[in-house]
Amino acid sequence: MTHRHIVARAAVISALLLVRSTSADVLPDNRADVFWSKYSGGGMDITGYSATARAKVTENLALEANYFIDKVSGASVDVLSQASVIKDERRQKSGTIEYLRDKTTYTASYISSVERDYISETASFALSQSMFGDLTTMTLGFSDTHNTVGDNGGTADKPNVRWVGHALSRAYSGGLSQIITKNFIAGVNLQVFTDAGYLANPYRAIRFLDPATQIGYTLAGQTYPATHTSTAVQVQAKYYLPYRAAVTGLYRYYTDTWGVVGNTYELDYTHPLRNKWIFEGRVRYYKQGAATFYSDLFPFAGSQNFTARDQNLAALDNTTIGAKVTYAFLPDGWRIFKRGTVTADVSRIRFNYLDFRNIKNFGVPAYAPGTEPLYQFSANVFQVFVSVYF
Amino acid sequence: MRSPRIMLPGTVLGALLLSSACSIQPWVKPYERDRLADPIMAWDRDAISSAYLDHIRESREGSRGATGGAGGGCGCN
């Protein structure tokens, strides 16, 4: 399933996002959001609904709550190769408390994400410190995640979940944001994750050559290392152009103990119009190399200690083109509301796998094992949300 | 054990940095930060939307982490 074993990662990122939107010295305005999203691609349809509210209890203390539901249906390429479809739901709840003291903001949050075959809980703590005349903001963060991993041996309508293991994940992060000139701001983030436990996706399988079978290969379970450490560094810069518009560039380097190396490049352009509209366009390119124990087709059963054929660990690249528009309403406020915005965001992502082959519907006699077409697909991502500030 | 010859310059540099940190004057004055305070200069205007896009990517890529940014803006207080 798409959410499997990465829910925890998303939870950690979400926790840290709560910090990133905070600038030191002043807690952000009270805000409520209603959010809808739709992902379609690779045979999967995922519809998300979310509601968030944050409010300052005092000038120094803010509380935030979020509820998110993802409804998943369809069948991804790896699931199709094993002839079953997916119908699932993920419910995520989070609560955050934020406390500002002098030039430091402390944030503590708890996130719980539940699917019928995956449970993830994350507790996190972060601080953000403004210094050097508020030209510099430093952030430090820590999060601790506990995952329980299940395998649905039944069908989409009649599930039969067997719990197969636990995984623990810790994330350590640090960041620095620096005002360079009155038009230019730059930042750097570092994050290290350590994971231990059951780290594989139970729904994905390896295949190895087996001349005794009609299709020439046999599917078998993956075997992952029980530990995983990864490091990511991102540098980013934002520049206010000579007219009222901004351009952002970022680069991220990722490496881990499984041998995956990833590079991300992104360029954004933001252009407001008459204080009512903000238009944004973005282009993102991502490329990674495969994990050392990944193979699309192993030569025989038990050919090596660790084996994976999870497409997330394959060599791949993807390109995203996105556009976003925000319209401001209630310019003079209404009752308790100071202002409101409605935003629409659309992205198109093209995924290309460089050593992951599409074995869906390619049994006898179309292709010999290892000569099937490489897997590729496009996805569309839509988001619409209404935000009110009070 | 490190030799004092190596440690001394580091200690002096550290002491200088620490002492100078207290006296650094902001070279972009608060009244010059109107552009930085413009919402278009925020690292992330909509955290929920960014978290969702990160989730989409993390579900399909081997990489993770170090996204986003904190602070910036006018820092006017």
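T105(A), T107(A), S109(A), I111(A), S113(A) and E115(A) point to one face and are buried.

Some ground rules. This is a predicted model: local features need pLDDT of at least 70, side-chain atom pairs count only at pLDDT 80 or more, and totals for chains, interfaces and linings use all residues. Residues are numbered from 1 along each chain as its sequence is written, while chains are lettered from A and ligands numbered from 1 in the order in which they are written.

Buried means 20 or more other C-beta atoms within 10 Å of a residue's own; exposed means 12 or fewer; partly exposed lies in between; C-beta atoms are placed from the backbone. Helices (H or I, at least four residues) and strands (E, at least two) are DSSP runs, numbered from the N terminus.

Now the neighbours of β5(A). Strands pair if DSSP finds at least two bridges between them. β4(A), residues 86–101, pairs with β5(A) in the antiparallel sense over 11 bridges. R101(A) stands opposite T104(A). The two strands form a hairpin with 2 residues between them, and D102(A) in the turn has a positive phi of about 55°. On to β6(A), residues 118–131: 12 bridges join it to β5(A), again antiparallel. Here T105(A) stands opposite S128(A).

Next, the cores. A nonpolar core is a set of buried Ala, Val, Leu, Ile, Met, Phe, Trp, Tyr and Cys residues joined through C-beta atoms within 7 Å. The largest has 36 residues. Among the members touching the most others are L313(A), Y353(A) and I48(B). Helix α2 of chain B gives the most to this core, with 6 residues. A second, separate core of 12 residues includes L135(A) and W43(B).

Chain B itself has 2 helices and 0 strands. Of its 77 residues, 45% count as buried.

Last, two loops. Most residues other than glycine have a negative phi. N275(A) has a positive phi of about 60°. N275(A) sits in the loop between β14(A) and β15(A). N275(A) is exposed, with 9 other C-beta atoms within 10 Å. R335(A) has a positive phi near 50°. R335(A) is exposed too, with 6 other C-beta atoms within 10 Å.
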